[in-house]
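Here are some exercises to work through with the model open. Try each one yourself before reading the solution.

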Amino acid sequence: MERISYPDLPEGMFKHLLDTEEYINNSSIDFGLLEMIRLRVSQKNGCAYCVDMHHKELKKTGETELRLISLVTWEEATCYSSRERVVLKFTDALTRLDRGLLPDTVYNPLETYFTKQEICILSLCITQINTWTRLMKTFRFTPGNYKVS
């Protein structure tokens with residue numbers, strides 16, 4: 001059961017978050033890769049609402065069932081490119097913050113595939129979905145209700 005429903009939100013709260021989403025989605029990073037990041041963070045944070053949403057969004061992009069179900073075990077799966085694996089490793093590390101700095105072994109491989117500006121966008125995408133998952137876990141929006149537009 002929802003603790004906080006959409007009408008209970010402070011005016012403008014979601015608008016500002018959605019403005020950030022639009023900024024990220026209009027970047028040079030492929031939408032499918034951004035959604036893969038969002039689904040992975042949702043899985044790691046155990047957010048059923050966000051897992052449902054980003055699974056549906058990825059299906060709309062034409063993502064395969066094998067890659068969707070394998071994302072939870074991406075390190076063992078062979079269906080992800082080297083570029084995707086670098087991003088997923090970064091996603092996992094930035095979602096599970098340790099007390100130390102982000103290791104060079106996680107950051108440096110990003111520079112093989114992405115510009116510094118794109119690494120900034122990837123970082124923002126990861127932090128943004130971490131924000132969303134924490135909000136959804138607090139508010140308890142009902143999973144399964146998300147409709148892809």
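**Exercise 1.** Find which helices each supply at least two residues of the lining of the largest pocket, then describe that pocket.

*Solution.* Start with the helices: H1 (13-25), H2, H3 and H8 (116-139) each put at least two residues into the lining. Helices here are DSSP runs (H or I, at least four residues), numbered from the N terminus. Next, ask who gives the largest share: that's H3, with 5 residues. Now look at the whole lining, which has 21 residues, with Leu18, Tyr49, Met53, Trp132 and Tyr146 nearest the centre of the pocket. Sort the lining by class and you get 12 nonpolar, 4 polar and 5 charged residues. (Ala, Val, Leu, Ile, Met, Phe, Trp, Tyr, Cys and Pro count as nonpolar, Asp, Glu, Lys and Arg as charged, and the others, Gly among them, as polar.) Finally, the volume comes to about 580 Å³, taken as the space filled by probe spheres set on grid points joined across faces, edges and corners. A pocket is an open set of points on a 1 Å grid over the protein atoms alone, where a 1.4 Å probe fits, with protein on both sides within 12 Å along at least five of seven lines; lining residues have an atom within 4 Å of a point.

Before going on, a word on the ground rules. This is a predicted model, where local features need pLDDT of at least 70 and side-chain atom pairs count only at pLDDT 80 or more, while totals for chains, interfaces and linings use all residues. Residues are numbered from 1 along each chain as its sequence is written, and side-chain values use heavy atoms, leaving out hydrogens and water.

**Exercise 2.** Work out how H2 packs against H3, from angle to contact residues.

*Solution.* Take H2 (residues 31-45) and H3 (residues 48-60): the angle is about 155° and the axes are 9 Å apart. The pair is therefore roughly antiparallel. Axes are lines fitted to C-alpha atoms, for helices over the stretch in contact, with angles running from 0 to 180 degrees between N-to-C directions. Under 35 degrees counts as roughly parallel, over 145 as roughly antiparallel, 65 to 115 as roughly perpendicular and the rest as oblique. Then check the hand: the H2 and H3 crossing is left-handed, as when the near helix is turned anticlockwise from the far one by less than a right angle (clockwise would be right-handed). Residues in contact (heavy atoms within 4.5 Å) include Phe31, Met36 and Leu39 of H2 and Cys50, Val51 and Leu58 of H3.

**Exercise 3.** At what angle do H2 and H8 pack, and which residues make the contact?

*Solution.* The angle is about 40°, with axes 9 Å apart, so H2 is oblique to H8. This crossing is right-handed. Among the residues in contact are Leu34, Ile37 and Val41 of H2, with Leu122, Ile126 and Ile129 of H8. Counting classes gives 7 nonpolar, 4 polar and 3 charged residues.
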